[in-house]
Amino acid sequence: MLTKKRVLVLFLLILMVSVIHSNAVNAYQLLGFKWSNPNPVTYYLNGNANTNNAFLSSINNWNNALPSNVSLQRVYNNFNVYAYDWYDSTDGRDGLFVISDGEVYIALNRYHTDNYSSLKRQSVAGHEIGHSLGLDEEDSAICIMISNTFNRWELLQIYKPKTDDINGINALY
Ligand SMILES: [Zn+2]
């Protein structure tokens, strides 16, 4: 039998998901930069095996969804994006995206991601790759650009780009 508390929690969950769904059309946000030649955008992977596998799988996930004028490629020199990992128990972030002096960096915080499943790690890597293509956080659509990993993965099991993400890419490129 459902208790009142459980009914309330269920109601709030349904409300939350329906609010997310209701804004799902073209909700993407853009960061304000784009690659002049996005075919391909190249990535140098310099994390541990789990991190590199997460980025590599996410590159494939994105390539399977991207329009034909945008592609991602792993390279070993002359890269556009430097993908790595760091370890900081005091940093609540499990991933980051930084542009500094025209260089683009994405990374996973292994303090968190060491304990993640392969797909959860892809959820973070895929999100950071979305930033590296020019997409900003988007918390009102079903998309890889949902900022919080609990909402994106635990609640919605999103680990690869969705229609809203690709709509953003099509608007940008
Ligand atoms: Zn983000």
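**The β4–β5 hairpin.** I started at the hairpin of β4 and β5, where two residues sit between the strands and D101 takes a positive phi near 50°. This is a predicted model, in which local features need pLDDT of at least 70, side-chain atom pairs count only at pLDDT 80 or more, and totals for chains, interfaces and linings use all residues. I count residues from 1 along each chain as its sequence is written. For the element names I use DSSP runs, numbered from the N terminus: helices are H or I with at least four residues, strands are E with at least two.

Next I looked at how the strands pair, which takes at least two DSSP bridges between them. Strand β4 (residues 95-100) runs antiparallel to β5, and six bridges join them. I99 has V104 as its bridge partner in β5.

**The other side of β5.** I then checked β3 against β5: they pair in the parallel sense, over six bridges. Here V81 stands opposite V104 in β5.

How much of β5 is buried? I call a residue buried if 20 or more other C-beta atoms lie within 10 Å of its own, exposed if 12 or fewer, and partly exposed in between, with C-beta atoms placed from the backbone. By that rule, five of the seven residues of β5 (residues 103-109) are buried, and the strand is mostly covered.

**The core.** A nonpolar core, in my notes, is a set of buried Ala, Val, Leu, Ile, Met, Phe, Trp, Tyr and Cys residues joined through C-beta atoms within 7 Å. The largest one has 31 residues, and Y43, F55 and A83 have the most contacts inside it. The elements giving two or more residues to this core are β1, α2 (49-63), β3, β5 and α4.

I picked A83 and listed its contacts, meaning C-beta atoms, placed from the backbone, within 7 Å. Leaving aside neighbours within four places in sequence, A83 is in contact with Y43, Y44, L45, N46, G47, F55, I106 and A107.

**Helix α4 and S123.** S123 is found in helix α4 (residues 118-133). Is S123 buried or exposed? I found S123 buried, because 28 other C-beta atoms lie within 10 Å. Beyond four places in sequence, S123 is in contact with T149, R152, W153, I158 and Y159. I also noted S58, which is 65 residues from S123 in sequence but 8.0 Å away in space, C-alpha to C-alpha.

**Helix α6.** Which residues of α6 are buried? I found D164, D165, G168 and I169.

N78, in the loop between β2 (72-74) and β3 (81-86), has phi near 50°. N78 is exposed, with 7 other C-beta atoms within 10 Å. Q157, in the loop between α5 (149-155) and α6 (163-172), has phi near 55°. Q157 is exposed too, with 10 other C-beta atoms within 10 Å.

The bond joins N39 and P40, with omega about 10°. P40 sits in the loop between α1 (4-22) and β1 (41-46).

Key. Contact = placed C-beta atoms within 7 Å.
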